[in-house]
Amino acid sequence: MSVHKTRSPEETRSLGERMARELVPGDVLLLYGDLGSGKTTFVQGLARGLGVPEEVYVVSPSFALIHEYPGRIPLFHVDLYRLSPEEVDDLGLSEIIPRGVTVIEWSEHLPEELPARYRIYFRYLSETEREIRIERRA
Amino acid sequence: MRILAIETSCDETAVAVVEAAGDTFRVLSHLVASQVALHRPFGGVVPEIASRKHLEVIYPLTRRVLEEAGFSLAELDLVAVTSGPGLVGALVVGVSMAKALAFARRVPLVPVDHVKAHSLAVLAEESPRFPWVSLVVSGGHTALFVVRSPVEHYLLGHTRDDAAGEAFDKVAKLLGLGYPGGPVISRLAETGDPSRIPLPRPMLDHPGYDFSFSGLKTAVLHLVRSGRAFAVQDLCAAFEAAVAEVLVEKTLRALSDLGLSRVVVSGGVAANRRLRTLFQEEARRRGFEVYFPSPSYCTDNAVMVAISGYFEFKAGNQASLELDVYARSQFPRYPL
């Protein structure tokens with residue numbers, strides 16, 4: 001486990017960018033944390049690290065539920081914010097996971113434990129500071 | 001030409017029958033199986049969005065549209081359907097229905113881009129002359145385009161994080177105001193003073209036409225967490241003013257840079273009264289024309305799909321039964 005304190009959105013992005021280096025297809029990252037705690041910002045960094053072209057913006061998937069980005073490894077950005085646990089089953093997560101790296105915001109809404117190598121917890125500290133705790137599992 | 005159109009790109013299942021003659025449109029019937037009423041008891045967590053709901057609704061909804069229009073499938077000339085962008089599992093439901101109808105009636109099948117269709121919804125009621133600047137602003141999209149003709153749309157800029165409508169929903173959630181956020185924030189904003197709480201105007205000092213609303217959400221979060229006393233009406237007014245000003249300023253910039261004099265505003269947030277007022281004031285002051293579709297054509301609907309499908313067909317664009325869906329639009333950038 002590692003705990004990081006970031007002092008700006010750019011620092012949160014850099015953390016995501018560095019973390020992308022260790023990812024391989026099939027990896028799942030479960031993100032937990034409140035509105036405004038830095039989750040989407042972190043995923044923007046992951047995308048940069050995975051080689052998603054700069055002109056392709058990584059935007060909030062809250063409305064569309066799943067965004068797919070082209071990179072060295074395809075990135076699936078999932079957001080369960082608007083979903084109840086019963087509906088998450090309808091999203092077809094098991095179909096996308098083998099195809100790339102899947103990062104899931106609002107994993108609190110998952111109906112059951114999903115086998116995932118990473119669990120990442122985001123906490124709002126102050127206007128600019130966030131605490132990001134990364135748990136890795138074998 | 002009689003068109004049956006289907007839209008299932010995200011939450012809404014929508015079907016319409018539209019008659020096109022020349023470049024004018026007569027809506028024979030259009031229905032949206034709106035799910036907002038189902039959502040509210042869950043306080044912002046929205047159930048039944050995914051494909052299953054579309055699947056349950058699409059057949060009875062299509063039947064009802066045909067009945068209301070007094071329309072028989074034997075009279076059908078064209079099927080238009082949203083093939084992207086959106087949730088793949090949801091899009092597939094509409095596209096499969098469209099393929100079945102086109103195959104059974106042996107009529108052309110025309111794929112439509114959801115965002116492009118939003119830009120054209122205004123043509124159901126009015127006929128602004130091309131080219132125009134289009135602002136599409138909703139829960140899922142915030143983007144500026146140059147629309148040179150019904151089929152030529154160039155992207156000027158779009159949001160780098162949250163859509164404007166999404167910012168409304170999330171700020172409403174932060175303030176414990178319920179779902180959807182737009183109407184409730186607007187109602188509270190009416191009695192608030194926007195000048196009492198200073199909020200940022202994201203991206204205004206940034207060149208180009210991109211938007212960003214995530215920082216605005218964070219500013220509201222910070223205020224709520226700081227424990228400072230404030231009137232929720234003032235915060236709603238300040239937030240709404242910040243969003244509206246950024247949207248209007250960027251659109252004015254596009255008009256002036258491109259030397260154009262017509263703006264079309266569409267998408268769910270186009271129903272926002274402050275945004276409309278601000279656009280109308282600027283239009284009077286600067287001498288440009290601004291168009292807003294009626295509310296039922298601003299939010300997701302199938303009439304706009306019929307309109308876009310009609311023009312795409314005239315331009316020679318139709319699909320085989322192999323038609324696939326796509327998650328993200330790829331518009332050509334306007335060459336500046």
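Visitor: Why is the pair A:Arg82 and B:Asp11 called a salt bridge?

Guide: A salt bridge requires a side-chain nitrogen of Lys or Arg within 4 Å of a carboxyl oxygen of Asp or Glu. In A:Arg82 and B:Asp11 the closest N and O atoms are 2.7 Å apart, and therefore the pair meets the rule. Across the interface of chain A and chain B the rule finds 2 salt bridges.

As to the basis, this is a predicted model, in which local features need pLDDT of at least 70 and side-chain atom pairs count only at pLDDT 80 or more, while totals for chains, interfaces and linings use all residues. Residues are numbered from 1 along each chain as its sequence is written, chains are lettered from A and ligands numbered from 1 in the order in which they are written, and side-chain values use heavy atoms, with hydrogens and water left out.

Visitor: What makes residues of chain A and chain B count as in contact?

Guide: Contact means heavy atoms within 4.5 Å. By that rule, 29 residues of chain A are in contact with 31 residues of chain B.

Visitor: How is the area that chain A and chain B bury between them defined?

Guide: Buried area is the accessible area (1.4 Å probe) that two parts lose on being put together, summed over both. For chain A and chain B the value is about 2,700 Å², with 57% of it on carbon and sulfur atoms. A:Tyr57, A:Phe63 and A:Arg82 supply 25% of the area that chain A buries against chain B, more than any other three residues.
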